[in-house]
Amino acid sequence: MIGTIIWLIGVACAIWCVMDIFKKNISTAGKVIAAIVVLLTSWLGLAVYYFYGRNHLEEWFR
């Protein structure tokens with residue numbers, strides 16, 4: 001039960017991150033790469049994106 005709740009929270013956060021990535025002013029390839037990396041790295045990818053990556057994503061994928 002608790003594992004399902006944690007998994008659902010992770011899915012919701014991943015969807016939020018991917019939506020946020022696709023709002024950025026970067027190339028389509030950069031958006032796809034960033035979204036795949038966040039989705040494949042699960043909670044670690046979400047944390048890195050939220051605390052560091054979202055402010056630097058446009059620098060990385062000009």
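A search of the whole structure for disulfides, where a disulfide is a pair of cysteine sulfur atoms within 2.5 Å, finds zero. Please note that this is a predicted model, in which local features need pLDDT of at least 70 and side-chain atom pairs count only at pLDDT 80 or more, while totals for chains, interfaces and linings use all residues. Residues are numbered from 1 along each chain as its sequence is written, and side-chain values use heavy atoms, with hydrogens and water left out.

Let me stay with the cysteines. Cys13 is in no disulfide, and the nearest cysteine sulfur, that of Cys17, is 6.8 Å away. That separation is too far for a bond. For accessibility, buried means under 20% relative accessible area, exposed means over 50%, and partly exposed lies in between, with a 1.4 Å probe and protein chains only. Cys13, at 30%, counts as partly exposed, whereas Cys17, at 2%, is buried.

I turn now to the annotated regions. UniProt, in an unreviewed entry, places a transmembrane region at residues 6–22 and 29–52; such annotations may be inferred rather than shown by experiment. Helices here are DSSP runs of H or I with at least four residues, strands are runs of E with at least two, and both are numbered from the N terminus. Residues 6–22 are 100% helix and 0% strand, with end C-alpha atoms 25 Å apart. Residues 29–52 are 96% helix and 0% strand, and their end C-alpha atoms are 20 Å apart. The unreviewed UniProt entry also gives "domain: Cardiolipin synthase N-terminal" at residues 14–54. Over that range the chain is 88% helix and 0% strand, and 13 Å separates the end C-alpha atoms.

One residue deserves a remark on its backbone. Most residues other than glycine have a negative phi. Ser42, although not a glycine, has a positive phi of about 55°. Ser42 lies in helix H3 and is partly exposed, with a relative accessible area of 39%.

Finally, which helices each supply at least two residues of the lining of the largest pocket? They are H2, residues 28–40, and H3, residues 42–60. A pocket is an open set of points on a 1 Å grid over the protein atoms alone, where a 1.4 Å probe fits, with protein on both sides within 12 Å along at least five of seven lines; lining residues have an atom within 4 Å of a point. H3 gives the largest share of the lining, seven residues.
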